[in-house]
Amino acid sequence: MAIDNILIVSSQEQVVPSLVRLLKNEGCKNIGSVKNGNDAKRAAREKDISLILIFTPLEDGFGDELALELIKNTGAAVMMIVKGELEAMTESRLLPYGGFVLGLPLSRMVFHKALNFIEAAQNRIVGMKKENIKLQKKVEDSRIINRAKYILMEYLSMSESQAHRYIEKQAMDLRLTKVEVAKNLLSTYDS
């Protein structure tokens, strides 16, 4: 599996075909390019980009400010390619925020490992987002059920355990989920 939806940001047009070839050799697809930071920001807002590759310097600055802004405001992984002597300084600036920096000359093996690391990190983030969505749904379902219990306690003078049991029994008898039963109760009593 490889990274799809990549944006190359480079003011040096002669570099773009080489980077595209490198990325395609890694199995990456949907690779676009822009020449400056403003176009990169616009593309990041308009498209679902997985990786933004910034080849420095840019025509509108070095690129580190752009990288920080893209890291903070997008879900894309951001990798900068800088002159070898600037690698450590740039890395110390971006690494705390999750940016990735590679120095020139660019080793094919290091580039390969960097892409694998970025892909693994993105897969982990996607898994965490899915888990977060599940947990949010559970919390919302629990709120709905608790509101329905409160209504049963208020209108039918049930205890909390009686209300809980009532919702469970209705769910079994009607072959519905507890949330569906709770929503039905809320629509009946909350109107």
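A: Let's start with a term: strands here are DSSP runs of E, at least two residues in length, numbered from the N terminus. This is a predicted model, and Ser10 lies in its strand β1.

Q: Which way does β1 run relative to β2, and how many bridges join them?

A: For pairing, look at the bridges DSSP finds between two strands. β1 and β2 (residues 29–34) run parallel, with five bridges joining them. One place to look is Ile6, which sits opposite Ile31 in β2.

Q: And what about β3, how does β1 pair with that strand?

A: Also in the parallel sense, and over five bridges, with β3 covering residues 51–55. Check Leu7 there: Ile52 is its bridge partner in β3.

Q: What kind of unit do β1, helix α1 and β2 make?

A: For handedness, point the strands away from you and follow the path over the helix; clockwise is right-handed. Here β1, α1 (residues 16–25) and β2 form a right-handed β-α-β unit.

Q: Back to Ser10: is it buried or exposed?

A: Ser10 has a relative accessible area of 1%, so it counts as buried.

Q: Which residues is Ser10 in contact with, setting aside neighbours within four places in sequence?

A: Val15, Val16, Val34, Lys35, Phe55 and Leu58.

Q: Where does the Ser10 side chain reach?

A: To the backbone nitrogen of Gln12, at 3.1 Å.

How values were computed: Residues are numbered from 1 along each chain as its sequence is written. This is a predicted model: local features need pLDDT of at least 70, side-chain atom pairs count only at pLDDT 80 or more; totals for chains, interfaces and linings use all residues. Side-chain values use heavy atoms; hydrogens and water are left out. Helices (H or I, at least four residues) and strands (E, at least two) are DSSP runs, numbered from the N terminus. Buried means under 20% relative accessible area, exposed over 50%, partly exposed in between (1.4 Å probe, protein chains only). A polar contact is a pair of N or O atoms within 3.5 Å; within protein, one must be able to donate a hydrogen and the other to accept it, and residues adjacent in sequence count only if both atoms are side-chain atoms. Contact means heavy atoms within 4.5 Å.
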